[in-house]
Structures are given as C-alpha cells and as structure tokens.
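Let's take a quick tour of a protein model. Have the sequence and the 3D view open while you read.

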Amino acid sequence: QPAKSEMLYDWDPDMLIIDEATCVGDPSAIQTIRTYRLVQDLGIRYILELTGTPVHRKVFNAFGQFKILDDSIFGTGVVAYRQQYGVWGGFGNKRLIKLKNMKRWRKKVEPHVFQLYRIPYRKPQEQVIPVEMTPKARRIYDEMAKEGIVVLKGGATVTAELPITRALKLAQIAAGFLRDDEGKWHHIGDHLRDAFRDTVQGLADSDVERIVVFARHIPGIRAAAKACQAAGYQTLLLHGGVPQEQREQRIAAFHEAGGKIAFVSQISTGSMGIDLSSADTTLYYELTESLLHKDQADARIRKHADKRPLTYYYFLP
C-alpha cells in the first residue's frame, strides 16, 4: 500500500530510490513538487533514480529529475533552464525551434549518471493496419474537425472548443465511439473493431499464443477484449479501476496460463512497471499522444538482451 506523506517524514529516510524516474521529469507535476519538497525537508543525502528512458527523447523533461537529484546541476528555475538549452518561438514562445548548448548539457549530466548495461535487441517488426472509417463516422469526424461541435442522434451534444479537446474527440471518433458533454459514451462505427478482429483472428490461426493489447479508453478496451475472446483468447483486463492486488494476480496469470491468452490494458495504466515479456506481440488498438507512455508500453514485452523477433501492430483510421 502507498505510504502517506506523514509516515515518510516520521520515518526520516537516508536514501531515496525513484523507479520510473521519468514520472518526475515535469517540474510542475504534483509528484515532482512533493518529491523535491521531501528531499529538501529531510535533507536526504543519497538518491538513486532508475529509468530505461532517461529523457524519453525530450531534454526538457529531464529537468525535474535532476532538480530532485541535485538542484545545483541545473538550478531550480525551469524558465532559465529552457532559455539556456533551447531556442523558442511561436505563440507565447512555447514552441521549441531547436536545441542549443548540448555539449554543455552533457558535460553537466555525465558525472551524475551511469548506464548499467546496454540492451541489445533486434529491430522489431512494425505493421501499420490502415482502417477506413464508416461513412457515419467520417461525417461526424469531419463535422467535429470543422465546427468543434456535434449533435448526435437522440440530441446528445459533443462540444470541443479548445484544440486539445477537439483532438481528443477526433481520436475517439476514429476509434468508433464518442463521449458526449454529459459523460455518456456513444457508438459511432465498427470500422476499427472489425479491422482489429480480423488481425487477431489471423494471429490465432497462426498459433500466436500470447498477445498484449493497448487501448486508450474503456470502450476501446471492451471492444478489443471481445474481439480477442471471439478469436479464442482467454482475456485479462487492466485499467485504472482494477485494484492493485488484482493487477498483480492478472499479470502472474498471463505468464502462467496455458493456451491462447491476451492481456488487454489501458495504456496509461499498463505502460510502466509491469513485465509482460512472455509475449512477443503487441497490438495498439488505440495510440496515445504521450511519447513517454508509447516508449514504455513498447518495452513491456521486451526482455533483457532480447533476441526474439518482436512485433507491433498499429491500427490507424
């Protein structure tokens, strides 16, 4: 069970180990703020941060990690950090034009990091499955993209004034469902489900016994699970509503079960900290805008020094 902050302060640890340290990369995130405060309040001397993706391709998301590790490395001000190592432009100077002073950055970082080992692995096979949306879904998609508002059959309204909200709604429509302003999900089309079902059936016919499936939303998890079951796979689900003890049981069952089995997970829940490496095939029913979650999800089926031919399927409406 997670420890309460008061317990940590009363315990007064001498050492802090942070697994999946990329989760404290964003200095504005609550977990980063509280962890830094803990280190400062208790004067913790020994800190070890563990991660397989140190900056997950983004130098600026390393600031929080190094601030916790030693705030003398890059200081405590993220604005100064951004200005020192990047050229910015666009609206509000929020778009990164290019990186700069990377030699200086690496020189500061090198004394504080070490690589335990280099992980050699074969280049994975990646297959993109194009998916054509149904006419109904295409009409709703185009209307949402143009107007930012859709009225569904029955009068349910979906509005998305902000670009980030509109992008989320468009992703939902592409996946075949849409959540209205009242929080209710609506079925939009079976285009993605049908393409996924055909691919999973092909894997089953080819005697691929273990598969991992990632989806973004609960309706996607349900649709993917039904398709896996129809193809003859025993199905285990993982999402935010599954209690911790059940999560561990389901992960163990995935490794130990005989016959065909599919582990269907919400990508935000199952992309970090779990081992699904008894499988060598991952299918993305839906993708996520988070590069961190995508990188981490890819690694769930990867073993140390893995020489197996790993395969990833992407369904793109």
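Here is a short briefing, starting with the whole chain and then going into details.

This is a predicted model, so local features need pLDDT of at least 70 and side-chain atom pairs count only at pLDDT 80 or more, while totals for chains, interfaces and linings use all residues. Residues are numbered from 1 along each chain as its sequence is written, and side-chain values use heavy atoms, with hydrogens and water left out.

**The whole chain**
- The protein chain has 12 helices and 14 strands; these are DSSP runs numbered from the N terminus, with helices being H or I over at least four residues and strands being E over at least two.
- Its C-alpha atoms fill a box of roughly 55 × 50 × 40 Å, taken along the principal axes.
- Of the 317 residues, 44% count as buried, where buried is under 20% relative accessible area, exposed is over 50% and partly exposed is in between (1.4 Å probe, protein chains only).
- Take the contacts (heavy atoms within 4.5 Å) with a separation of 6 or more: residues 24 or more positions apart account for 64% of them.

- The axes of helix H8 (residues 191–205) and helix H9 (residues 218–230) come within 9 Å and cross at roughly 35°; axes here are lines fitted to C-alpha atoms, for helices over the stretch in contact, with angles from 0 to 180 degrees between N-to-C directions.
- On the H8 side, the contact is made by Arg193, Phe196, Arg197, Val200 and Gln201, and on the H9 side by Ala223, Ala224, Ala227, Cys228 and Ala230.

**Salt bridges**
- Side chains of opposite charge can pair when their charged atoms come close.
- The count comes to 9 salt bridges, each being a side-chain nitrogen of Lys or Arg within 4 Å of a carboxyl oxygen of Asp or Glu.
- Lys294 pairs with Asp298, with the closest N and O atoms 2.6 Å apart, and both residues are buried.
- Those two sit 4 residues apart in helix H12 (residues 291–298), about one turn of the helix.
- Elsewhere, salt bridges that share partners join Asp190, Arg193, Asp194, Arg197 and Asp198 into one network.
- Within that group, Arg193 and Asp190 meet at 3.5 Å, N to O; Arg193 is partly exposed at 33%, and Asp190 is partly exposed at 26%.
- Lys260 and Asp207 also form a salt bridge (3.8 Å, N to O), linking parts of the chain that are 53 residues apart.
- Asp207 is exposed, with a relative accessible area of 57%, while Lys260 is partly exposed at 25%.

**A charged residue without a partner**
- Glu49, in strand S2 (residues 46–49), is buried yet has no salt bridge.
- The nearest side chain of opposite charge is Lys67, 12 Å away; Lys and Arg count as positive and Asp and Glu as negative, with His and the chain ends not counted.
- Not counting residues up to four places away in sequence, Glu49 touches Ile18, Ala21, Gln65, Ile68 and Leu69.

**Positive phi in loops**
- Asp12 has a positive phi of about 55° although it is not a glycine, and this residue lies in the loop between helix H1 (5–11) and strand S1 (15–18).
- Asn101 has a phi near 60°, also positive in a residue other than glycine, and is found in the loop between strand S4 (95–99) and helix H5 (102–109).

**Cysteines**
- A search of the whole structure finds 0 disulfides, a disulfide being a pair of cysteine sulfur atoms within 2.5 Å.
- Cys23 is partly exposed at 32% relative accessible area, whereas Cys228 is buried at 0%.
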